[in-house]
Amino acid sequence: MKISLNWLKDYIDIPEDLDLSKLAYDLTMSTVEVEGATSMSEKFKNIVIGKIEQVLPHPNADKLRICRTDVGDGDVKDIVCGGINLRDDMRVAVAKPGALVRWHGEGEPVEIKNAKLRGVESYGMICASSEIGLFELFPFDENATIVDLSDFCSPPGTPLEKALEIDDVILDIDNKSLTNRPDLWGHYGMAREISALYGIPLKPLPSSELPASDGDLRIEIDDSVRCARYMGLRIENVNTKPASFKIQSRIWRVGMRPINALVDITNYVMLAVGQPTHAFDSGNIEGGITVRRARDGEKLLLLNDRELALTNEDLVIADDEEAVALAGVMGGRKDSILEGTTDVILEIANFSPLGVRKTATRFDVRTEASIRYEKGVDPQRVDQAAAIGVSLLKSEFPEARITGKVDNYPRPLEKTRVTASLDWLARRMGKRLPDETIKMMLERLGFGVEIKGDELRVLVPSWRSTGDISLPDDIMEEIARLHGYENFDPTPITSAFEHSINQRGHELERRLREYLSFRCGMREIFTYPWMKDEFIAAIAAPTGDMLKIAAPPAPDERYIRSTLLPNLARAVSENIRFYDEFSIYELAQVFSNREYGSPYDERERLPLQRRCLAGAVVGDGAKTQELFRRAKGILENMSRWAHMEDLSLEQTSESEKPAWADDVVWLDVKREEKTVGHLALLSRKSALAAGIKQASVMLFELDVDSLEPFTSRTNHFRRLPEYPQVEYDISMIFDEKARWSDVESVVLGKKGPGDLIRSVSFIDEYRGRQIPQGKKSLTLRLVIGSDEKTLTSDEIEKSAGLITKRLAKQLGGDLRV
């Protein structure tokens with residue numbers, strides 16, 4: 001939000017010696033975050049009022065003119081200009097050398113320098129409004145139109161910002177810091193805050209007399225919960241002429257575009273006190289005004305030409321025939337201010353914050369009005385807005401008449417009362433302030449204060465009674481921030497650590513991430529907690545246990561994840577276009593609509609949340625076996641590197657294949673006898689449903705909460721071999737059904753005296769023309785060594801031969817020659 005320092009001065013007399021940086025610092029420390037300040041003097045530096053004494057033709061160009069221009073103190077300069085509306089005695093904006101302008105209002109600012117144009121020396125530049133950032137104040141229809149400032153009677157040489165009375169400083173306030181302060185969404189509220197900070201008197205707002213008669217104006221409120229107050233004023237003899245330059249420049253300086261006097265007045269009121277207003281063309285209102293719920297399917301064309309299909313959850317302003325505005329959000333095209341409007345109904349209303357937010361979010365329509373209503377504007381502000389609005393209308397339209405007023409206020413706001421103990425305040429703040437100081441601070445903010453003994457009784461003003469102030473803690477915050485947080489003495493926190501805390505669950509997560517990222521070369525991904533319906537269907541995940549989002553980010557993203565696999569499949573689908581091979585994983589929470597009790601309060605029932613780990617190994621469809629072995633190896637080595645109890649991978653008759661898995665290539669992941677996850681090839685059907693056409697995808701998912709980390713890291717010393725060990729590869733032909741686990745068991749099982757086999761590892765598996773049907777060739781690598789001596793070739797061959805014979809006898813293997 002932008003705040004004009006000059007506008008604030010209408011309501012408070014800011015001390016002349018108050019430095020801008022000091023004001024910004026104090027506001028940031030006590031109230032709102034000031035992100036920056038823009039000086040209009042710097043923005044229009046070296047741009048002055050010039051008076052064209054004479055317009056002469058250019059000797060070498062038909063479209064250029066030589067303007068003899070007084071730029072101050074009788075200094076007449078020749079300026080070459082191509083403007084189409086130049087004339088003698090015209091006052092213009094002259095950018096002197098050193099000024100920054102945008103050529104034709106486009107691109108980055110460039111510095112003006114003296115130049116020779118078609119053979120004629122030219123001083124500076126006579127500017128169009130778009131070239132100096134004033135197009136919204138001085139719009140034009142034809143290119144090369146020079147801004148005409150003849151209505152401003154400033155002498156030549158006057159700095160532009162002083163001539164236009166826009167010599168101002170604009171404070172840029174972070175909107176997030178205003179979220180819980182609806183009273184600060186206008187200049188008067190910000191002035192009240194500064195008044196309290198520095199003890200400066202706050203000037204009262206203007207008052208205006210309103211007619212007692214309704215003037216045949218009828219206003220009804222059908223839903224008083226969504227609309228607490230609605231004031232309507234019927235005003236005649238107005239038109240859509242431009243507003244005075246003062247109003248235009250003020251709303252422009254804080255970021256709003258001037259349109260016409262009626263619209264600009266409604267915007268001015270909102271920016272002044274934070275109360276949105278709207279004007280209807282009363283000639284297009286049939287009968288009276290009713291604030292009601294929309295009918296399902298009812299249509300409304302907004303001011304931005306967008307047609308909405310409304311629901312019964314939306315609040316509308318309607319006449320006797322149809323809806324004419326979306327309450328608290330935006331007016332309708334048909335009944336708002338039109339070019340020929342002469343009579344209006346001025347709406348000043350108060351709408352429910354929650355209702356406005358839901359409607360604005362549903363239709364993705366965010367306006368300055370809806371932003372303020374969402375914060376919780378108090379109904380009493382309607383009176384302030386009415387007074388300022390009527391005052392401006394009389395100023396802009398002296399002939400205007402207010403012929404009727406209706407103020408429908410079915411639910412008056414009750415001011416909040418809060419009681420706090422002074423001793424409690426002192427303990428919580430860490431400092432005892434005098435009672436009179438506390439009373440003075442709160443009264444500056446508009447609170448009613450009564451102190452009786454240790455009891456502080458506070459009557460909260462209406463502008464802070466819409467949810468902002470309701471607890472003793474809120475009162476403490478008000479006192480502390482006005483006193484200045486920096487004025488409290490820091491108190492060191494003393495604590496005693498009796499023993500270390502071993503958070504095994506968090507350490508396991510870290511080790512899992514390090515293992516997968518560093519040792520396995522996988523990329524960690526982070527996905528949103530909601531899932532797309534397309535990928536839920538692809539994974540065939542049951543939706544019965546899934547939580548639904550009340551306000552989903554998209555219609556097809558209604559479900560919160562109960563498994564990580566749909567989002568993982570989506571990530572694979574979106575990345576497979578750019579990479580042929582990759583591996584990714586995610587470690588995050590999943591949610592279920594099954595409830596569990598809070599460990600802190602048995603009365604709380606929360607959705608079941610568990611930590612899961614899911615990964616995908618992706619590659620060419622012809623490399624399925626390689627992908628399977630890699631994914632299987634990742635899980636087999638996980639226990640060692642993550643320091644947790646062993647996992648086993650198996651497929652038994654009691655196993656249940658996951659719905660998304662291939663019919664053959666899948667395994668259960670178990671810890672002891674409990675299934676904690678699955679490893680499988682994504683089935684062809686599921687892959688196509690997820691948009692994965694050519695690649696093979698190995699997926700795994702583990703329930704991290706079911707994994708058991710070791711209580712401590714137990715190390716065993718193993719001596720390095722004193723004598724060299726030898727690697728010896730053997731290729732043997734086995735039956736197709738032979739498993740590697742059986743081969744490994746035969747090689748390493750029942751070691752006798754002098755057995756020299758230290759380890760065995762899988763190298764390769766082959767099927768081809770040289771291999772009989774129903775057979776496969778398996779290559780394994782033996783590590784052979786002795787603790788007593790260096791082995792001879794004969795001893796190595798003998799040891800390998802024993803293994804070959806053992807495999808032939810027990811598994812029917814034949815040595816491949």
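**Close-up 1. Thr 491 in the loop between helices H13 and H14.** In this predicted model, in which local features need pLDDT of at least 70, side-chain atom pairs count only at pLDDT 80 or more, and totals for chains, interfaces and linings use all residues, Thr 491 lies in the loop that runs between helix H13 (472-483) and H14; helices (H or I, at least four residues) and strands (E, at least two) are DSSP runs, numbered from the N terminus. Residues are numbered from 1 along each chain as its sequence is written, and side-chain values use heavy atoms, with hydrogens and water left out. Thr 491 has 65% relative accessibility and therefore counts as exposed, where buried means under 20% relative accessible area, exposed over 50% and partly exposed in between (1.4 Å probe, protein chains only). A distance of 8.3 Å separates the C-alpha atom of Thr 491 from that of Gly 430, a residue 61 residues apart from Thr 491 along the chain.

**Close-up 2. Asp 435 in helix H12.** Asp 435 belongs to helix H12 (residues 435-444) and, with a relative accessible area of 33%, is partly exposed. Leaving aside neighbours within four places in sequence, Asp 435 is in contact (heavy atoms within 4.5 Å) with Leu 422 and Ile 451. The C-alpha atoms of Asp 435 and Leu 456 are separated by 9.1 Å, and these two residues are 21 residues apart along the chain.

**Close-up 3. Packing of helix H14 with helix H17.** Two packed helices are described by the angle between their axes and by the distance between those axes. Helix H14 (residues 504-519) packs with helix H17 (residues 624-642) at an angle of about 130°, and their axes are 10 Å apart; axes are lines fitted to C-alpha atoms, for helices over the stretch in contact, and angles run from 0 to 180 degrees between N-to-C directions. H14 and H17 are therefore oblique to each other, since angles under 35 degrees count as roughly parallel, over 145 as roughly antiparallel, 65 to 115 as roughly perpendicular and the rest as oblique. The contact is made by Leu 508, Arg 511, Leu 512, Tyr 515, Leu 516 and Arg 519 from H14, together with Gly 633, Ile 634, Asn 637, Met 638, Trp 641 and Ala 642 from H17. The residues of this contact of H14 with H17 comprise eight nonpolar, two polar and two charged, where Ala, Val, Leu, Ile, Met, Phe, Trp, Tyr, Cys and Pro count as nonpolar, Asp, Glu, Lys and Arg as charged, and the others, Gly among them, as polar.

**Close-up 4. Packing of helix H19 with helix H20.** Helix H19 (residues 740-748) and helix H20 (residues 793-811) pack at about 130°, with 10 Å between their axes, and H19 and H20 are therefore oblique to each other. From H19, Asp 742, Val 743, Val 746 and Val 747 meet Ile 803, Arg 806, Leu 807, Gln 810 and Leu 811 of H20.

**Close-up 5. Aromatic pairs.** The whole structure holds 10 aromatic pairs, in which rings of Phe, Tyr and Trp (its six-membered ring) have centres within 6.5 Å, with planes under 30 degrees apart counting as stacked, over 60 as edge-to-face and the rest as tilted. The ring centres of Trp 7 and Tyr 268 are 4.6 Å apart and their planes stand at 35°, so the pair is tilted. Trp 7 and Tyr 268 are both buried.
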